[in-house]
Structure formats: C-alpha cells, structure tokens
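Reader: I am new to this structure. Please show me how to read it, one feature at a time.

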Amino acid sequence: MENIFSLEGKNAWITGASHGIGFSIAEAYVKAGASNIIFNSSSEASLQRGLEAYARAGITNVHGYVCDVTDEAEVKALVEKIHAEVGQIDILVNNAGIIKRIPMHEMERKEFQQVIDTDLVAPYICSAAVLPEMMERREGKIINICSMMSELGRETVSAYAAAKGGLKMLTRNICSEYGGYNIQCNGLGPGYIATSQTAPLREKQPDGTPHPFDSFICAKTPAGRWLDPDELAGPAVFLASHASDAVNGHILYVDGGILAYIGKQP
Ligand code: NAP
Ligand code: GCO
C-alpha cells in the first residue's frame, strides 16, 4: 500500500518556525520525507538561531528567510524568492503568532491590532500569496495553527481569542472557496504546549511552588500535564499528506482532551 502519509517530494513553508511548534512541525515533515523545509523569522538574529537549531538537528534541506508575515509586500516578495530558489510550495503552515496577555479594558488599540495582524491577517496574506500557484497545479495544503482560544475565552487574551476564532472561520472559508482546486485547508488546534510562548504561565513561584496557571491547566487536561510540541507531529503530518485529501475545513484539536473535560475536581 502506498504510504499515504509520506511527504516525499513536497516543499513545506512553515511561517515562524525558528523554534517552538513550527520547528517541531518542520522536524516531523523532514522525517516524513519532505524535500525542502522553508521557514521565516521576523529578524536576522532569530533566523540565525533557527538555522543553527536546524543544523544541530541534522536538518540540511532547510531554507530560512527574514520576513515579517504582517507585511504583504515582504510576503509576496518571499513567495517569489521561494519559487525561484526552492520551487513550488506544496504545503503552507501558518504558524507564526504572538499573544499579549492584557485585560481588555487596559489594552491599547495598537496592541490589540498587532495580535490581530499577526495571528489573523498574516495567515490571510500568506495564504493569498501561495494560492495562485496551488490553483494552477490544482493541488495544495494550507494548515492554520489555531488554538483552544478558537473555541474558548479566558481573561486577558481578548485579541488572541478574537484572532484565533477568526482563523477557524478563515480556515473554513479557504476550504469552501478553493476546495474545487483540490486544495485542502485545515486547522491544527494545539492545547497547552510547553514552548517559549507559554513559559510565563509555567514559571515557578518565588517559593518554588508551581505557577497557579500551571496547576490549572494540569487540572483541565485529562492526562494532567502540558503537551510537548513533538506531540503535534503526527496530526501535522496527517494534515499535510494525501492521507487527509478528503479532510477539508476541519480543525483538528491536539489538546490531550481539554475541550472534552470539565476538569479535575480540586
Ligand atoms: P513561539 O515559540 O513564541 O513562536 C512563535 C513564532 O512566531 C516565532 O518563531 C516568531 O518568530 C514567529 N513570529 C511572530 N511574529 C512574527 C512576524 N511578524 N513575522 C514572522 N514571524 C513571526 O510560539 P509557539 O508556542 O511555538 O506558537 C506557534 C503557534 O502556535 C502560534 O500561532 C501560537 O498562537 C500557536 N499556539 C501555541 C500554543 C502553545 O501552547 N504554545 C497552543 C496553541 C496554539 P521569531 O523567530 O522572529 O521570533
Ligand atoms: C494562554 C495560552 C494559550 C495557548 C494556546 C492554547 O495564555 O491561555 O498562551 O493561548 O497559547 O493558544 O491553545
């Protein structure tokens, strides 16, 4: 039986993949046979750190670029450069993202806008930039990194929840508008993952006890723990491969069961 999970011969652009979830997805795609990994960072310094991390991981088929995903001109120029230097973009993973944890009534508009621009507008910009070539080839995969906040709210993350909720519907609309070109657009919704983005929520208290939010998430997760970025590998490969050609507009939550669980009784 053909390995329908193989990414042999595929080029994958993973935005913001110098570290964290994006880096783990890149590693998974290489193990699944991807020909080229393309990633971008918002700064030269981060790009270099990312290239060093890929080298340490023994990944040599990687192409890194500096590109601010919120800048449409930079994104369009990057896509042209990728097509010229690497080839077609078979898989786009809209992974780059930020969060600002500020009570909404204290948040400045420009702070709210920055989160929306990065977590919602940028996936639109990057998807619109790669779609024409995918349409011409009548094949493509777009994977949007959603969140628990695509479904749930909580204090201090209004902009992030609004963006990730919108990203869920952008995913469904790209599915609706481009499914006829054999382009599948799905969401990957990680639960609470131990990365730099959530590090502030896991810092020990001055007395050495766990951060209250750390304890909270462990009580909300059936397995009683934070997830590792590497646990996204299988679902990410599935959504990038021919194994998911009949899956479109779906948000695949990889949350250890958080969305199904009322939470452990204190
Ligand atoms: P992270 O470690 O903070 O990584 C975020 C990445 O986004 C960084 O590599 C950063 O690039 C990049 N980025 C941010 N703004 C950018 C811009 N304007 N242009 C280009 N790149 C930009 O976060 P993470 O935990 O890996 O999160 C990755 C994605 O997963 C995000 O969309 C996040 O919302 C989502 N997510 C995270 C969790 C979690 O629990 N960690 C759960 C659900 C969803 P630089 O290298 O330049 O800094
Ligand atoms: C937070 C966290 C979450 C995670 C993730 C959950 O402050 O609640 O940062 O938003 O990053 O999005 O799926």
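Predicted model: local features only at pLDDT ≥ 70, side-chain atom pairs only at ≥ 80, totals over all residues.

Reader: Let us start with accessibility. What relative accessible area does Thr156 have?

Author: Buried means under 20% relative accessible area, exposed means over 50%, and partly exposed lies in between (1.4 Å probe, protein chains only). Thr156 has 24%, so it counts as partly exposed. Residues are numbered from 1 along each chain as its sequence is written, while chains are lettered from A and ligands numbered from 1 in the order written.

Reader: Where is Thr156 found?

Author: Helices and strands are DSSP runs, numbered from the N terminus (helices H or I, at least four residues; strands E, at least two). Thr156 is in the loop between S5 and H5. Its phi is positive, about 75 degrees, although Thr156 is not a glycine.

Reader: What phi does Asn182 have?

Author: The phi of Asn182 is about 60 degrees, a positive value, and Asn182 is not a glycine. Asn182 sits in the loop between H5 and strand S6 (183-190). It is partly exposed because its relative accessibility is 32%.

Reader: How do I read contacts? Which residues does Glu151 contact, leaving aside those within four places in sequence?

Author: Contact means heavy atoms within 4.5 Å. With neighbours within four places set aside, Glu151 is in contact with Lys168, Tyr253 and Leu259. Glu151 is found in the loop between S5 and H5. At 38% relative accessibility, Glu151 counts as partly exposed.

Reader: What joins the side chains of Glu151 and Lys168?

Author: A polar contact is a pair of N or O atoms within 3.5 Å; within protein, one must be able to donate a hydrogen and the other to accept it, and residues adjacent in sequence count only if both atoms are side-chain atoms. The Glu151 and Lys168 side chains form one at 3.2 Å. Now look at Val86. It is 65 residues from Glu151 along the chain, and their C-alpha atoms are 36 Å apart.

Reader: On to Lys141. Is Lys141 buried or exposed?

Author: Lys141 counts as buried because its relative accessibility is 6%. It lies in strand S5 (residues 140-145). Follow its side chain. A polar contact of 2.7 Å links it to the side chain of Asp245. One of its polar atoms is also 3.1 Å from the backbone oxygen of Ser241. Beyond four places in sequence, Lys141 touches a list of residues, including Asp90, Leu92, Met134, Gln184 and Leu239.

Reader: Now the ligands. How many residues surround ligand 1?

Author: A residue is near a molecule if one of its heavy atoms lies within 4 Å of it. Ligand 1 has 30 such residues, and the closest are Ser18, Ser42, Ser46, Tyr160 and Thr195. A nitrogen atom of ligand 1 is 2.9 Å from an N or O atom in the side chain of Asp68. A backbone N or O atom of Val69 is 3.1 Å from a ligand 1 nitrogen. An oxygen atom of ligand 1 is 2.9 Å from a polar backbone atom of Ile193. Helix H1 (20-31), strand S2 (36-41) and helix H5 (158-178) each give two or more residues to the shell around ligand 1.

Reader: Which residues are closest to ligand 2?

Author: Arg101, Ser147, Arg154, Tyr160 and Gln197 are the closest of the 14 around ligand 2. A polar side-chain atom of Ser147 is 2.6 Å from a ligand 2 oxygen. Met148 brings a backbone N or O atom to 2.8 Å from an oxygen of ligand 2. A polar backbone atom of Pro190 is 2.9 Å from an oxygen of ligand 2. Accessible areas use the Shrake-Rupley method with a 1.4 Å probe. Alone, ligand 2 exposes 330 Å², and the protein buries 96% of that.

Methods: Heavy atoms only, no water.
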